[in-house]
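Trainee: Could you walk me through this model, starting with its pockets?
Mentor: Happy to, let's look together.
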Amino acid sequence: MFTPSSSVHKPLNRNCTTPNTILNISDSNDTLKKILSVVLKIKYDVENLTHNQNRMNNILNDVILTNDRSVLSLGDSVTTINDDNDYSLMLPLHNEDELSDFENKLLNKSFRLNVVNGLKRLMKNTLTSTIRQILRTIFDDELLQNFSYVGQKKKKIFSTLASCAIIFEAIRTMKLFHDVPNSNIETPIKIYIAGAAFRKRK
């Protein structure tokens with residue numbers, strides 16, 4: 001006969017897993033997975049941002065370097081253009097070597113235009129004084145005494161020089177004298193050239 005006192009009491013297993021415990025562990029694992037996923041995504045985003053930033057820095061450095069080179073190149077070009085077109089550095093002409101260099105440069109349209117525009121600023125109140133000022137600016141009497149307008153007395157011909165032609169071109173750009181006949185321009189030139197030797201002896 002079974003009695004309470006004789007019944008065997010089995011101890012409670014403290015390590016047993018209840019349904020609630022299983023649910024809690026499952027929730028914890030899901031949370032950890034989500035956290036890990038977020039951390040990995042953040043890590044990937046940071047690496048991607050770093051890569052993009054480095055790439056942008058490289059591009060920016062290349063752009064800056066290219067611009068610097070362009071500015072330097074442009075500066076060199078402008079300096080060269082200014083040097084080439086600054087006819088005033090060559091004047092007045094003292095000898096035939098300088099005249100030859102000047103004549104060759106006048107073959108360049110840009111240089112020639114620059115000279116004509118510069119000579120235009122020498123305009124005076126009269127045609128004669130204007131031509132004298134232009135001739136005085138371009139030629140030293142040491143050189144000019146070897147020329148005559150059409151080559152009289154076995155001198156060299158002045159009228160065939162490009163340096164002579166630009167005088168006419170400059171006069172034609174001046175409002176006061178743009179329509180004067182060629183003969184009115186030639187006469188003061190002839191007189192000034194003829195007086196070069198006399199002025200040189202002074």
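Trainee: What volume does the largest pocket have?
Mentor: This is a predicted model, where local features need pLDDT of at least 70, side-chain atom pairs count only at pLDDT 80 or more, and totals for chains, interfaces and linings use all residues. Residues are numbered from 1 along each chain as its sequence is written, and side-chain values use heavy atoms, leaving out hydrogens and water. On a 1 Å grid over the protein atoms alone, a pocket is an open set of points where a 1.4 Å probe fits, with protein on both sides within 12 Å along at least five of seven lines. Taking volume as the space filled by probe spheres set on the points, joined across faces, edges and corners, the largest pocket comes to about 190 Å³.

Trainee: Which helix gives the most to the lining of the largest pocket?
Mentor: Lining residues have an atom within 4 Å of a point, and here they include Phe147, Tyr149 and Lys190. Helices (H or I, at least four residues) and strands (E, at least two) are DSSP runs numbered from the N terminus. Strand S1 (147–148) and helix H7 (182–194) each supply at least two lining residues. The top contributor, with three residues, is H7.

Trainee: Are H3 and H6 oblique or parallel to each other?
Mentor: Helix H3 (residues 109–120) and helix H6 (residues 162–172) pack at about 55°, with axes 9 Å apart. Axes are lines fitted to C-alpha atoms over the stretch in contact (heavy atoms within 4.5 Å), and angles run from 0 to 180 degrees between N-to-C directions. Under 35 degrees counts as roughly parallel, over 145 as roughly antiparallel, 65 to 115 as roughly perpendicular and the rest as oblique. H3 and H6 are therefore oblique.
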